[in-house]
Amino acid sequence: MKRLLIVLFALLFCIPVFASGGKNTTDKEQTADLSGVKEISTSVRTVTAPIIIDRPVRLTEYRKRLTREYAFRHYGEEFTEIVPQAVIVHWTESPEADGVYEYFYKEARADGTLNVCSQFLVDRDGTIFRLTPETMLDRHAIGYNWCAIGIENVGGVDRKEDLTPEQLQADVLLIRYLWEKYPTVRYVWGHYQQKSAEKSGLYKESVSGYYHAKVDPGPKFMKALQKNLKDTGLLFFKP
Ligand SMILES: [Zn+2]
C-alpha cells in the first residue's frame with residue numbers, strides 16, 4: 001500500500017513536470033491531484049474478514065416476494081434490503097449445522113409466510129457459514145429484522161449454555177468484521193435481550209401482540225462477547 005502511494009505520488013509530481021512546459025499549469029494540476037490523493041488515503045477502511053464460507057439457502061424470486069410481503073406486514077412497506085444497525089446473536093437449540101441449514105433452506109414456512117433464517121450460521125468448531133447476502137432482510141428476530149444481522153450458533157440443546165470457545169472466537173471475529181464494514185452497526189445483543197433492546201429505539205412491529213420469549217444464546221456467551229469487543233465501542237445491554 002505504502003509502495004503504491006509512493007508510486008502514485010511520484011507519478012503525480014513527475015509526469016506533469018516532464019510533460020508540461022508551462023509551470024503554472026503544472027502547479028495547478030499538482031494541487032488538484034494532491035487533494036484527491038489525500039481524500040482517497042483517508043477514506044480507505046481496513047476490513048479484516050474472517051474466513052466465511054458461502055452456503056446460501058434458496059435465494060429465489062419467491063423468497064424475495066415473501067420477504068417483501070413480510071416487510072409490508074410487519075414494517076408497513078415492501079423491501080428486501082436492510083441497513084444494518086444491530087447484530088443479534090442466537091443459538092439454534094439443535095446439535096448439528098446440517099439440520100439447521102436444511103431448516104432454513106426453503107423459502108416458506110408451512111403457513112406460506114417467509115421462512116426463518118439468519119445471515120450467518122456458526123458451527124460448533126467455529127466454521128462460519130454465510131446463508132444469505134449480509135444486507136438481505138432475514139426473519140430471525142421479531143421487531144428487529146428490518147435493521148439487524150443475525151448470527152446463529154449451533155448448540156443450546158435443552159437450553160444448555162454450551163456454546164464453544166471456537167464459536168466465541170468466530171462470533172468475535174465476525175462481529176468485528178461487520179462493525180468495520182458497516183459503520184451503521186452500533187448494537188450487539190442476544191435474542192433473549194429483545195425487551196432491553198427496545199431502549200435502542202430500533203424496535204418496530206405492526207402486528208400487535210406478536211412476541212415470543214427467548215433464552216438464546218444465554219448471558220454467559222453475551223458477557224464473553226462484550227468483554228472481547230470492548231474496544232469497538234459497540235453497545236451491549238446488561239447480560
Ligand atoms: Zn434466536
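**Contacts and architecture**

Author: Of the contacts in the protein chain that link residues at least 6 apart in sequence, 74% join residues at least 24 apart. Two residues are in contact here if their C-beta atoms, placed from the backbone, lie within 7 Å. This is a predicted model, in which local features need pLDDT of at least 70 and side-chain atom pairs count only at pLDDT 80 or more, while totals for chains, interfaces and linings use all residues. Residue numbers start from 1 along each chain as its sequence is written.

Reader: How many helices and strands does the protein chain have?

Author: The protein chain has 6 helices and 6 strands. Helices (H or I, at least four residues) and strands (E, at least two) are DSSP runs, numbered from the N terminus. Read from the N terminus, the elements run α-α-β-α-β-α-β-β-β-α-β-α.

Reader: What is the order of the strands in the open sheet?

Author: The 6 strands of the open sheet follow the order S1-S4-S3-S5-S2-S6, and the pairing is mixed. Strand S1 (52–54) and strand S6 (187–190) are at the edges with a single partner strand each, so one side of each has no neighbour in the sheet. Neighbouring strands are turned by 25° against each other on average, direction ignored. Two strands pair if DSSP finds at least two bridges between them. In general, strands of a sheet pair through backbone hydrogen bonds, either parallel or antiparallel.

Reader: In what sense do S1 and S4 pair?

Author: S1 and strand S4 (residues 128–130) pair in the parallel sense, over 3 bridges. Isoleucine 52 stands opposite isoleucine 128 in S4.

Reader: Turning to S5, how many of its residues are buried?

Author: S5 is mostly covered, with 6 of its 6 residues buried. A residue is buried if 20 or more other C-beta atoms, placed from the backbone, lie within 10 Å of its own, exposed if 12 or fewer, and partly exposed in between. Ala148, Gly150 and Glu152 point one way from S5, Ile149, Ile151 and Asn153 point the other way, and all are buried. Over the protein chain of 239 residues, 31% count as buried.

Reader: Over how many bridges does S5 pair with S2, and with S3?

Author: S2 and S5 pair in the parallel sense over 6 bridges. Histidine 90 stands opposite glutamate 152 in S5, and valine 87 stands opposite isoleucine 149 in S5. S3 and S5 also pair in the parallel sense, over 3 bridges, and valine 122 has asparagine 153 in S5 as its bridge partner.

Reader: Why is S2 largely enclosed by the rest of the structure?

Author: S2 is largely enclosed because 6 of its 6 residues are buried. Ala86, Ile88 and His90 cover one side and Val87, Val89 and Trp91 the other, and all of these are buried. S2 also pairs with S6 in the parallel sense over 4 bridges, where tyrosine 187 in S6 is the bridge partner of alanine 86.

Reader: Which strands does H5 lie across?

Author: H5 lies across strand S2 (86–91), strand S3 (120–122), S4, strand S5 (148–153) and S6, running at about 165° to S5. Axes are lines fitted to C-alpha atoms, for helices over the stretch in contact, and angles run from 0 to 180 degrees between N-to-C directions.

Reader: At roughly what angle do H5 and H6 cross?

Author: The axes of helix H5 (residues 165–181) and helix H6 (residues 219–228) cross at roughly 45° and come within 10 Å. That makes H5 oblique to H6: angles under 35 degrees count as roughly parallel, over 145 as roughly antiparallel, 65 to 115 as roughly perpendicular and the rest as oblique. The contact is made by Leu168, Asp171 and Val172 of H5 and Phe221, Ala224, Leu225 and Asn228 of H6.

Reader: Where is there a cis peptide bond?

Author: A cis peptide bond joins aspartate 216 and proline 217, with omega at about -5°. Proline 217 is in the loop between S6 and H6. Most residues other than glycine have a negative phi, and most peptide bonds are trans.

Reader: Is arginine 159, with phi near 60°, exposed or buried?

Author: Arginine 159 is exposed, with 11 other C-beta atoms within 10 Å. The residue is in the loop between S5 and H5. Glutamate 93 also has a positive phi, near 60°; its place is in the loop between S2 and helix H4 (97–105). Glutamate 93 counts as partly exposed because it has 17 C-beta neighbours inside 10 Å.
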